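I opened a notebook on this structure and wrote down each thing as I looked it up. The entries follow in the order I made them.

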Amino acid sequence: MNMPQRHPRPGGSDAFVNRIRGIIGTVALDCDCRQRVNDALQRFIEMEQQRETRRHLLSSRQHRAAIAALVDLLAELEEISWREADRSVFAELAHLFEDIAEHALRGAEDLRLMEKDFPA
């Protein structure tokens, strides 16, 4: 099972927020208005962080579900003998283990990214 490579989204919310801050800095706003805009921008940042955290949690749950399904497929390992005539079955089972490892790495990555989303 080949999973797509993860790449940071170009122009993500951080880049967007920085562009907005740059624009706000060039606009002549009175202090009260500027503070309200900055407060709204901060709320947006917090909402984006929450959205990303939820996305990472959902992704890690999907990896867990994939691992559970692959472990079920590995039950076939109990039914074959070392004398198995079709030796390709061993390669297929090896691929299942590799897929489990890949899903485990991706799930762990998602959970680590969650930790970074809300620093202490």
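Entry 1, terms and ground rules. I take helices as DSSP runs of H or I with at least four residues and strands as runs of E with at least two, numbered from the N terminus. The model is a predicted one, so I note its limits: local features need pLDDT of at least 70, side-chain atom pairs count only at pLDDT 80 or more, and totals for chains, interfaces and linings use all residues. Residues are numbered from 1 along each chain as its sequence is written, and side-chain values use heavy atoms, with hydrogens and water left out.

I found three helices and zero strands in the protein. Read from the N terminus, the order of elements is α-α-α. I then looked up burial, where buried means under 20% relative accessible area, exposed over 50%, and partly exposed in between (1.4 Å probe, protein chains only). Of the 120 residues, 24% count as buried. The protein exposes about 9100 Å², and 58% of that comes from carbon and sulfur atoms; such areas come from the Shrake-Rupley method with a 1.4 Å probe, and for residues only the protein chains shown count as cover. For contacts I used heavy atoms within 4.5 Å. Among contacts with a separation of 6 or more, 69% are between residues 24 or more positions apart.

On the helix 1 side the meeting residues include F16, I20 and R21, and on the helix 2 side they include N38, L41 and F44.

Leaving aside neighbours within four places in sequence, I list L41, Q42 and I45 as its contacts.

Rings of Phe, Tyr and Trp (its six-membered ring) pair if their centres lie within 6.5 Å; planes under 30 degrees apart count as stacked, over 60 as edge-to-face and the rest as tilted. I count one aromatic pair by this rule. F16 and F44 form it, edge-to-face, at 5.7 Å centre to centre and 65° between the planes. Because F16 lies in helix 1 (residues 13-26) and F44 in helix 2 (residues 31-73), the pair ties together parts 28 residues apart in sequence. F16 is partly exposed at 35% relative accessible area, and F44 is partly exposed at 27%.

Which residues make up the largest nonpolar core? A nonpolar core is a set of buried Ala, Val, Leu, Ile, Met, Phe, Trp, Tyr and Cys residues joined through side-chain atoms within 4.5 Å. I list seven: L70, L74, I80, V89, L93, L96 and I100. Helix 3 (residues 88-117) gives the most to this core, with four residues. Not counting residues up to four places away in sequence, I100 touches I67, L70, V71 and L74.

E109 lies in helix 3 and is partly exposed at 32% relative accessibility. Its C-alpha atom is 9.9 Å from that of S59, 50 residues apart along the chain. Q49 is found in helix 2 and is partly exposed at 31%. The C-alpha atoms of Q49 and K116 are separated by 9.8 Å, at 67 residues apart along the chain.
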